[in-house]
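I opened the model to look up how its parts sit against one another. My notes follow in the order in which I made them.

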Number of protein chains: 2
Amino acid sequence: MRKVSIKDVAREAGVSATTVSYILNDNRNVTITPETRARVLDAADRLKYVPSQAAKTLGSSRVMGRARSKMIGVVIPQTEDSAENEYIMLSNPFYSAFLSAVEFEMRQAGYHVLVTGTNRGQSYVDVVKSRALDGVMIIGMYPSEDIEEYRRFNIPTVLVDCYGSAGEGFFSVRTDDRLGGRLAAGHLLGMGHRRIAFVSGEIREDGVNYMRFLGYRDALEEYGVDFDGSLVFDGYVGFGHGAEAAADIAAANRGGGRAITAAFATSDIAAIGLMKGLSERGLSVPGDVSVIGFDDIDYAGMYVPGLTTVRQNIVEKGRVAAGLMIDALNGRGAPGETVIPMQLVERDSVRRLTEGGEDI
Amino acid sequence: MRKVSIKDVAREAGVSATTVSYILNDNRNVTITPETRARVLDAADRLKYVPSQAAKTLGSSRVMGRARSKMIGVVIPQTEDSAENEYIMLSNPFYSAFLSAVEFEMRQAGYHVLVTGTNRGQSYVDVVKSRALDGVMIIGMYPSEDIEEYRRFNIPTVLVDCYGSAGEGFFSVRTDDRLGGRLAAGHLLGMGHRRIAFVSGEIREDGVNYMRFLGYRDALEEYGVDFDGSLVFDGYVGFGHGAEAAADIAAANRGGGRAITAAFATSDIAAIGLMKGLSERGLSVPGDVSVIGFDDIDYAGMYVPGLTTVRQNIVEKGRVAAGLMIDALNGRGAPGETVIPMQLVERDSVRRLTEGGEDI
DNA sequence: CACAGGCGTTGAAACGTTAAAATTAACCCC
DNA sequence: GGGGTTAATTTTAACGTTTCAACGCCTGTG
């Protein structure tokens with residue numbers, strides 16, 4: 001029960017392997033008799049022939065200078081729960097929704113998607129080389145040594161949600177996170193809130209959280225409100241961090257002084273953890289604290305109260321990222337930043353402050 | 001800037017390619033001078049040699065009878081939103097959590113995981129053949145023609161959450177869904193509820209929903225409650241279906257007759273959609289309707305009220321599935337069903353009925 | 001000292017595919 | 001009918017790896 005190879009098809013159709021290859025790959029530089037073509041296609045069909053991608057990949061390294069596997073890699077951040085368990089962060093629905101859109105689009109274009117985390121001490125570049133990945137899509141942070149390798153080897157690369165100079169010269173997709181931050185914080189300010197917590201994952205200069213933070217400050221400035229560093233609650237990305245921030249906010253409000261009446265969380269999952277934490281402490285949303293999130297994952301609309309958030313069309317973002325990847329793979333298009341529009345989605349987690357705060 | 005191959009390493013170390021191969025693969029049937037080994041390892045390191053998986057795969061087809069790619073496939077159901085967009089169903093956190101556990105465990109064992117949907121008219125078997133996947137993990141439903149092919153070609157296969165005779169003779173993992181259904185419905189009955197809606201995705205004899213349904217009926221029988229077919233709300237899996245069920249339940253309750261006071265949803269996302277839908281219609285959970293879910297995704301504990309649910313340890317399930325896959329790949333272990341324990345997690349979405357219902 | 005046997009290493013072949021070069025067949029033109 | 005095109009197909013070689021069989025060398029043994 002050996003696997004059927006191109007030679008079997010060739011024998012069955014009474015023709016050479018090359019001819020079969022030409023026909024099955026629709027080679028344009030070669031003419032084939034319609035009758036031969038039919039015979040070969042029929043033979044392939046009858047034998048249930050499926051070409052070996054491994055052989056194609058190996059063979060391709062000769063001609064293109066670099067092997068082509070018809071597979072791209074998508075690098076997703078890993079959780080940092082513990083040293084041993086480094087799961088890829090699919091727990092955040094933002095990533096899973098993005099990924100399924102990318103997978104679909106790439107599949108339509110004839111590519112498979114390899115999703116894998118990286119083991120400690122092993123660079124993703126090794127995976128790219130070993131599996132002959134045709135391209136790499138990187139979401140969020142990345143080690144800049146890796147990216148220099150991609151540049152050096154001229155590997156089609158699409159950066160998603162990356163900031164910073166290391167990414168210059170690559171295709172990239174993102175939303176206008178600074179504007180988004182301003183939109184979110186501006187909405188809260190517009191509703192009369194003045195003491196607004198900023199809840200986010202790690203704030204790094206090359207990451208989205210920093211840009212959203214800048215937007216938050218932009219909005220404060222716009223409204224003439226002084227920035228207060230004690231209102232920044234940064235940590236990791238996840239429900240848990242939102243819950244921790246809730247504890248801190250509740251404590252701060254018990255401590256006297258002007259109360260924190262609103263919070264801007266830079267991810268919906270943090271916002272949801274926050275709302276849950278607040279409700280566990282007897283604080284109502286939006287009664288006591290208004291909450292606004294970022295992303296608009298499916299869940300955001302399901303929560304009670306519905307989460308007001310800054311919507312980025314995640315599926316669209318995935319589609320665009322895949323489109324850029326395909327351009328990059330085909331050597332078409334020019335590197336540069338593509339910005340996905342975003343908009344405020346008002347639900348029920350933000351209320352207008354009437355006491356003390358004045359409408360603007 | 002050609003890729004560095006084993007020959008380059010061989011030349012650098014002043015030794016043959018064969019020797020390099022033996023050393024890098026720790027071939028036990030062959031002895032190598034420690035000094036040669038050191039020289040080769042050093043050369044490989046210096047040249048940053050990364051073996052070509054494509055070449056390994058191709059070469060391996062000669063000896064093992066079947067090519068080995070050090071990659072397995074995980075088949076995840078696709079959404080059926082529309083004909084064109086068949087995204088893999090990572091939107092359900094159950095799948096994403098499961099997947100990230102599987103990915104991690106397989107990676108530790110030296111395997112990559114290919115996650116891909118299947119295009120219409122193309123069988124997944126073609127992907128397995130073309131990419132020389134070493135094994136296949138199938139979640140939920142599957143076309144039985146495919147599975148017969150896996151059997152015929154002796155492809156290591158692990159079934160997850162599959163029932164039905166087609167899966168006999170394979171490694172499989174699941175929870176005791178019938179018991180789980182009984183646990184869930186039994187809990188509601190124990191809390192005094194008698195008219196209990198059953199909300200689930202498609203009910204097929206070879207799927208988990210059917211088993212959970214049987215468990216639901218078991219519990220009814222145990223409590224001497226007659227089954228009422230009008231309380232079954234089946235559809236697809238997703239938030240949306242939960243919301244639709246909410247509308248139906250609200251309508252039924254408005255229609256007079258004995259009110260539906262509780263619902264058992266066979267997935268947490270349906271339960272959440274249901275709770276949201278009920279709350280939108282002014283029905284409180286658990287005040288008017290108690291809700292119990294199934295899975296215990298991260299979200300379940302975040303919702304307000306916290307969702308009472310039947311917990312299956314999703315990460316553990318992924319780990320076990322990966323372990324079985326590794327056994328299957330190594331020809332170890334014996335096919336059979338592995339059952340993951342599960343337990344009721346009580347939160348706040350179920351209340352004890354005092355009026356009318358009596359405690360048991 | 002001849003020789004068996006083990007050790008360390010190597011050359012050749014094979015895996016399935018495709019690009020480039022070569023071959024054959026058919027046709028046309030003077 | 002020979003030379004020249006073009007069309008259709010085949011032969012050859014190569015991609016990077018591993019396995020198998022074979023080789024030369026050393027050592028101990030009879």
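Helices (H or I, at least four residues) and strands (E, at least two) are DSSP runs, numbered from the N terminus. This is a predicted model, in which local features need pLDDT of at least 70 and side-chain atom pairs count only at pLDDT 80 or more, while totals for chains, interfaces and linings use all residues. Residues are numbered from 1 along each chain as its sequence is written, and chains are lettered from A and ligands numbered from 1 in the order in which they are written.

**Entry 1: two helices of chain A**

I looked up α2(A) and helix α3 (residues 34-47) of chain A; they pack at an angle of about 90 degrees, with axes 10 Å apart. The two helices are therefore roughly perpendicular (angles under 35 degrees count as roughly parallel, over 145 as roughly antiparallel, 65 to 115 as roughly perpendicular and the rest as oblique). On the α2(A) side the contact is made by A:Thr19, A:Val20, A:Ile23 and A:Leu24, and on the α3(A) side by A:Thr36, A:Arg37, A:Val40, A:Leu41 and A:Ala44. Contact here means C-beta atoms, placed from the backbone, within 7 Å. I sorted this contact by class and found six nonpolar, two polar and one charged residues. Ala, Val, Leu, Ile, Met, Phe, Trp, Tyr, Cys and Pro count as nonpolar, Asp, Glu, Lys and Arg as charged, and the others, Gly among them, as polar.

**Entry 2: DNA strand C**

Which residues come nearest to DNA strand C? Of the 29 residues around DNA strand C, these are A:Ile6, A:Ser21, A:Ala55, B:Thr31 and B:Thr36. I call a residue near if its C-beta atom, placed from the backbone, lies within 6 Å of the strand. At least two residues each come from α1 (6-13), α2 (17-24) and α4 (53-64) of chain A, and from α2 (17-24) and α4 (53-63) of chain B. α4(A) gives the most, with five residues. By class, the surface near DNA strand C has ten nonpolar, 15 polar and four charged residues.

**Entry 3: the sheet of chain A**

I traced an open sheet of six strands with mixed pairing, in the order β7-β6-β8-β9-β10-β12 (chain A). Two strands pair if DSSP finds at least two bridges between them. β7 (232-234) and β12 (342-345) of chain A are at the edges with a single partner strand each, so one side of each has no neighbour in the sheet. Neighbouring strands are turned by 15 degrees against each other on average, direction ignored. Strand β6 (residues 196-200) of chain A runs parallel to β7(A), joined by three bridges. A:Ser200 has A:Asp234 as its bridge partner in β7(A). Helix α10 (residues 239-254) of chain A packs on this sheet and touches β6, β7 and β8 (262-265) of chain A, at about 155 degrees to β6(A).

**Entry 4: chain B against chain A**

How many residues of chain B are in contact with chain A? I found 50 residues of chain B in contact with 50 residues of chain A. On the chain B side, α4, α5 (93-108), β2 (112-115), α6 (124-130) and α11 (268-280) give two or more residues. The largest share, nine residues, comes from α5(B). This side of chain B has 25 nonpolar, 16 polar and nine charged residues.

Technical notes:
Axes fitted to C-alpha atoms, helices over the stretch in contact; angles between N-to-C directions. Contact = placed C-beta atoms within 7 Å.
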